[in-house]
Amino acid sequence: MEKNNTSIYKPGRRDFLKNTALGSGAFLLGIQMSCTDRNKFLTGNPDATFAPNVYMSISGTGEVTLIAHRSEMGTGIRTSLPLIMADELEADWTKVKLEQAIGDAKYGDQNTDGSYSVRMFYPQLRKAGATARLMLEQAAANEWGVDVSECTAKNHQVHHTSGKSFGYGYLAEKAAALPVPDESQIKLKDPKDFKYITKKTSIYDLEDIVTGKAGFGMDVEIPNAKVAVIRRNPEAGAGIKSYNADAALSVPGVQKIYQMDAPGFPMGYERPLGGIVVIADHSWAAIKGRDALSIEWDRGANHDYNSADYIGDMSGLTKKNGSIKREQGQIKKALAGATQVIEQDYRIPHFSHAPMEPPCATAHFKEDGTCKIWAPVQDPQWTHRAVAGALEIEPEKVTVNVTLLGGAFGRKSKPDFVVEAALASREYGGPIKLLWTREDDIQFDFYHFSCAQHMKVGINADNKVIAWLHRSIFPPIAGTADPNGKQASTFELCMGMLDMPFDIENVSCETNEAPAKIRIGWLRSVANINHAFAVGCMIDQVAEARNMDPVDNMLDLLGPDRNIDFGSMVDGFWNYNEPIENFPWSTARFKNVINTVKEKSGWGKDLPQGRGIGFAAHRSFLTYVACAVEVEVDEGEIKIPMVHFAVDCGVAVNPERIKSQFEGGAAFGASLVLMSKITVENGAVVQDNFDNYLVARIQHAPYETEVHIIDSQEKPTGVGEPPVPPFIPALCNAIYQATGQRITELPIKLA
Amino acid sequence: MASYTLKINNQLHEVEATPDMPLLWVLRDLLGLTGTKYGCGKALCGTCTVHVDGLPMRSCIVTIDGLADKSITTIEGLGDNKLHPVQKAWMEEDVPQCGYCQSGQIMSAVALLESNPNPSDEDIDAAMAGNICRCGTYVRIRRAIKKAAKLS
């Protein structure tokens with residue numbers, strides 16, 4: 001694994017693009033390549049490097065190295081972001097090499113979370129590529145003694161109108177000597193000239209993955225590394241009264257056993273849960289040694305937590321007036337005056353992320369006081385800070401190398417497992433590969449919040465929806481680290497509740513306190529799971545009450561085309577960290593995806609007995625999605641023959657990966673609706689592996705998923721999370737069509 | 001500890017291990033064949049699937065003491081230094097997302113096609129039900145199996 005680093009050197013600082021996010025770098029990276037090209041006009045000085053910014057370098061041999069600075073967990077981001085640069089650079093993708101960045105603030109934001117990688121970096125990376133392209137053109141123009149306007153970069157070469165050309169390798173040294181052009185001179189490509197953006201490109205690691213060569217966190221091999229596993233208190237965060245390691249120490253291969261302290265309460269996001277650490281020559285010895293431990297556990301602050309009772313309490317609380325987070329008109333009066341009131345409670349349990357690769361990390365704390373990390377982390381800079389903090393060493397002594405992530409879904413944002421590895425390495429005095437077994441993963445996750453909701457919708461004599469009461473209660477993410485974080489915060493409620501887009505006169509959106517009694521984290525699409533479920537199912541009931549087609553009902557409720565002024569309706573409205581002026585909530589774009597799904601899915605067609613089609617639409621992470629799901633229910637067994645999605649995510653940077661995110665998002669949603677559930681009894685999680693924490697398998701997942709991408713020139717937005725929310729109610733509504741049973745609790749139990 | 005000779009990808013390997021050591025950890029921790037992945041340790045997810053005498057097995061529950069005279073194939077040995085038709089189909093259909101479970105998926109698919117060169121949807125469901133993919137690449141797995149059936 002260390003070999004990646006030996007080829008990286010520092011070519012020297014340039015203050016290029018200093019006014020942009022790209023230019024904040026302390027130094028630049030370049031890669032030295034051997035020179036074998038015989039054409040002197042294609043290649044130049046093999047020692048030369050043109051490294052105009054921290055994200056790219058071109059060697060004298062013409063090899064372009066692009067830095068993938070965000071984490072690859074399956075979305076394709078490691079391919080899609082460099083592709084944006086390669087396009088503007090007019091690089092030949094087959095001559096591009098990717099380097100995964102270490103965690104370092106010089107790359108800007110590396111927190112691969114919240115579906116914002118493309119949104120945040122599309123403009124900057126285009127500019128970075130275009131600037132390098134202009135400098136290469138200028139270098140060629142200087143060589144030929146012509147004006148740069150006569151020179152055009154195309155496919156790794158710069159061409160002159162006369163027909164002469166130079167390769168990028170030849171120009172690298174010359175471009176490196178040029179002053180950086182003023183930003184006003186930089187011309188971005190006309191979208192019609194895109195060669196990669198909006199076109200299909202396979203992921204960079206494809207062949208490595210199918211041949212078993214791809215390097216995940218689990219696959220890190222450091223000479224002489226020992227393997228560590230930890231036995232944690234089943235009641236997460238609680239301590240240890242006593243333990244006996246005699247039997248464990250007699251297991252062949254076990255080297256050391258020691259106690260790691262528990263964090264206390266609240267547990268926080270980055271502190272290890274503590275427990276008994278077993279260090280052994282290999283994974284099997286460590287696991288066997290751990291099984292042989294005898295431990296008397298202490299009880300902690302959450303020993304009284306029973307999730308079944310707790311959700312009942314939360315549901316009871318939804319019947320009371322809550323803390324109002326959005327209010328329009330007079331909800332009580334409107335409900336009292338309504339001719340029809342539809343009332344419904346909704347519940348969802350805790351969910352676990354369960355990425356196929358459980359958390360794992362390799363750490364080498366050395367005698368010189370430095371610590372090297374190799375880990376599958378979504379947020380390498382947070383990991384960096386957390387490790388330095390836990391080891392109490394200066395941040396510059398820590399290096400975080402990022403591997404491929406074998407799935408994450410939000411779990412690998414939290415660096416707790418990396419801190420465990422770092423502490424174990426220091427304790428052992430050598431490199432440690434820390435492994436979470438599947439049992440550890442499911443029992444000690446940062447779970448999706450369980451949630452109780454209550455909704456009341458009033459319809460008047462003219463069949464108009466006049467009242468919308470929505471109460472949503474769940475233990476907030478903040479409660480994991482902050483004892484005062486007892487109530488869902490505005491940003492969580494802006495995921496599908498406070499941003500309710502329907503044109504209704506009397507609205508009240510409320511929440512109430514529900515302290516976290518277990519580690520709560522963010523799971524793919526976060527609170528949108530809760531709210532899209534309740535709102536999407538309620539809207540279907542409203543359509544029925546109004547005797548309207550569900551699609552027509554939603555189009556009607558959306559009212560006239562407009563950008564909704566949520567800023568005036570909700571204090572501190574959260575628009576996924578973007579000003580709403582830059583990314584408005586457009587009912588026109590929403591209607592467009594709805595109409596597209598209606599048209600493409602054959603909405604309204606006759607279906608045989610036992611089949612049903614359901615519809616829902618939801619905007620999350622600034623991406624507009626509509627969804628139609630077809631189900632077939634046979635003696636309680638649910639199959640999903642067909643799913644249609646329409647998505648408006650602005651410019652579709654890598655359409656092939658957008659489609660794959662939607663196909664996968666549907667399968668992910670199917671798990672949540674049909675089978676996944678975490679329960680907690682007396683503070684301990686009951687489920688511990690895939691035989692009791694159930695997830696969708698091939699026969700449960702949609703048989704076909706069609707993804708209709710809206711052709712758009714709007715700013716690009718993310719697609720990792722947005723498929724999940726609308727799929728959930730669309731599936732529930734389809735089940736209703738097929739069975740007549742309304743779904744109000746996940747996972748579903750058919751009568 | 002005892003000494004074992006294993007035939008893996010047509011090569012003989014000698015390892016020292018306790019008899020209860022699962023093949024998964026022999027491959028990964030003793031031999032550095034990390035293409036075979038850990039997923040659950042209890043034959044519930046299929047991520048660690050390899051072939052033992054041509055049959056798909058979950059290497060996390062196959063212990064080393066029963067493997068003498070058996071021929072083991074892992075993802076590294078699948079194509080004999082070139083891509084197996086199933087791997088080719090996997091690439092043509094752009095199946096992987098994170099990729100972690102795909103070694104196991106491919107090994108299960110190869111075993112299916114060896115015993116049933118033209119599987120129906122039901123056959124595919126039955127053969128692949130033991131392999132979980134949390135990214136949800138199932139639609140493409142099915143498509144790639146059908147494509148591989150044509151390629152081979």
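In the predicted model, B:Trp90 is in contact (heavy atoms within 4.5 Å) with A:Val210 and, beyond its neighbours within four places in sequence, with B:Val95, B:Pro96, B:Gln102, B:Gln105, B:Ile106, B:Ala109, B:Ile141, B:Ala144 and B:Ile145. B:Trp90 is also among the residues that touch the most other members of the largest nonpolar core, which holds 245 residues; A:Trp468, A:Phe502, A:Ile594, A:Val631 and A:Phe727 are the others named. Such a core is a set of buried Ala, Val, Leu, Ile, Met, Phe, Trp, Tyr and Cys residues joined through side-chain atoms within 4.5 Å, with buried denoting under 20% relative accessible area (1.4 Å probe, protein chains only). A second, separate core of 49 residues includes A:Ile67, A:Ala128, A:Leu136 and A:Ala140.

Chain A contains an open, mixed sheet of four strands in the order β24-β25-β26-β29, where strands are DSSP runs of E of at least two residues and pairing requires at least two bridges. β24 (611–620) and β29 (705–709) of chain A each have a single partner strand, so one side of each lacks a neighbour in the sheet. β26 (637–648) and β29 of chain A pair in the parallel sense over five bridges, and A:Val647 stands opposite A:Ile709. Helix α17 (587–600) of chain A packs on this sheet, touching β24, β25 (623–634), β26 and β29.

A:Gln661, in helix α18 (655–674) of chain A, counts as buried at 3% relative accessibility.

Local features require pLDDT of at least 70 and side-chain atom pairs pLDDT 80 or more, whereas totals for chains, interfaces and linings use all residues. Residues are numbered from 1 along each chain, chains are lettered from A and ligands numbered from 1 in the order written, and side-chain values use heavy atoms without hydrogens or water.

Technical notes:
Axes fitted to C-alpha atoms, helices over the stretch in contact; angles between N-to-C directions. Buried < 20%, exposed > 50% of the residue type's maximum accessible area, 1.4 Å probe, protein only.
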